[in-house]
Amino acid sequence: TGLFYIPPGSPWHNGHVESFNSRLRDECLNINSFYSLLHAQVVIGGWKTEYNHDRRHSSLGYLAPVDYARQCTHQSETDDSHSDRTE
């Protein structure tokens, strides 16, 4: 693996990030005026909490990300049949 340079103005190379950045800008940054760094951290933190805990996402079957994560049970199953070797 290595670094891959994405030239400015090429959003098609990383659509997921571009989509998220657009939502963050439209739903949070453009409608708020920040008076200090602390104020920005509080407002953006509240938006992030709402986005991840309350907001339903169509790509997740209309579940909030936190609810979708609870449903995921990505557990690796161990197959003991490969450990029984005849010598």
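Visitor: In what order do the elements of the protein run from the N terminus on?

Guide: In this predicted model, the elements run α-α-α from the N terminus on, and the secondary structure comes to three helices and zero strands.

Visitor: How do you know how far the prediction can be trusted, in terms of pLDDT?

Guide: The pLDDT is the predictor's confidence in each residue, on a scale from 0 to 100; the protein averages 80, and 75% of the residues score at least 70. Over residues 75-83, however, the pLDDT is below 50, and beyond near neighbours in sequence this stretch has zero contacts in the model.

Visitor: What makes the pair Glu27 and Arg55 a salt bridge?

Guide: The rule asks for a side-chain nitrogen of Lys or Arg within 4 Å of a carboxyl oxygen of Asp or Glu. For Glu27 and Arg55 the N to O distance is 2.5 Å, and the pair therefore counts as a salt bridge under the 4 Å cut-off. This pair links distant parts of the chain, with Glu27 in helix 1 (residues 15-29) and Arg55 in the loop between helix 2 (37-54) and helix 3 (65-71), 28 residues apart.

Visitor: How many salt bridges does the rule give, and what separates Asp67 from Arg70 in helix 3?

Guide: The count comes to two salt bridges. Asp67 and Arg70 also meet in a salt bridge, at 2.8 Å from N to O, and because these residues are three apart in helix 3, about one helical turn separates them.

Visitor: Which residues does Glu27 touch, not counting residues up to four places away in sequence, and why is Glu27 called partly exposed?

Guide: Glu27 touches Trp47 and Arg55 when residues up to four places away in sequence are not counted. The C-alpha atoms of Glu27 and Trp47, which are 20 residues apart along the chain, are separated by 8.4 Å. The relative accessible area of Glu27 is 30%, which lies between the 20% and 50% cut-offs, so Glu27 is partly exposed.

Visitor: Where is Phe20 found, and what does Phe20 touch?

Guide: Phe20 is found in helix 1 and touches Trp47 and Tyr51, again leaving out residues up to four places away in sequence. At 31% relative accessibility, Phe20 counts as partly exposed.

Visitor: What lines the largest pocket?

Guide: The lining consists of His16, Ser19, Phe20, Arg23, Tyr51, Arg55, Arg56, His57, Ser58 and Ser59, and about 210 Å³ of space lies in this pocket. Helix 1 gives the most to the lining, with four residues, and by class the lining has two nonpolar, five polar and three charged residues.

Visitor: Is His57 buried or exposed, and how do you know?

Guide: His57 has a relative accessible area of 12%, which is under the 20% cut-off, and His57 is therefore buried. The place of His57 is in the loop between helix 2 and helix 3, where His57 touches Tyr51, Tyr62, Leu63, Ala64 and Pro65, not counting residues up to four places away in sequence. For the protein as a whole, 9% of the 87 residues count as buried.

Visitor: What is the phi of Tyr62, and why is Tyr62 called exposed?

Guide: The phi of Tyr62 is near 60 degrees, a positive value in a residue other than glycine. Most residues other than glycine have a negative phi. Tyr62 is in the loop between helix 2 and helix 3, and because its relative accessible area of 56% is over 50%, Tyr62 is exposed.

Terms used:
Residues numbered from 1 in each chain as written. Heavy atoms only, no water. Helix = DSSP H or I, 4+ residues; strand = E, 2+ residues; numbered from the N terminus. Buried < 20%, exposed > 50% of the residue type's maximum accessible area, 1.4 Å probe, protein only. Contact = heavy atoms within 4.5 Å. 1 Å grid on protein atoms, 1.4 Å probe; cavity = no way out; pocket = protein on both sides within 12 Å on 5 of 7 lines; lining within 4 Å. Points joined across faces, edges and corners; volume = space filled by probe spheres on them. Nonpolar A, V, L, I, M, F, W, Y, C, P; charged D, E, K, R; others polar.
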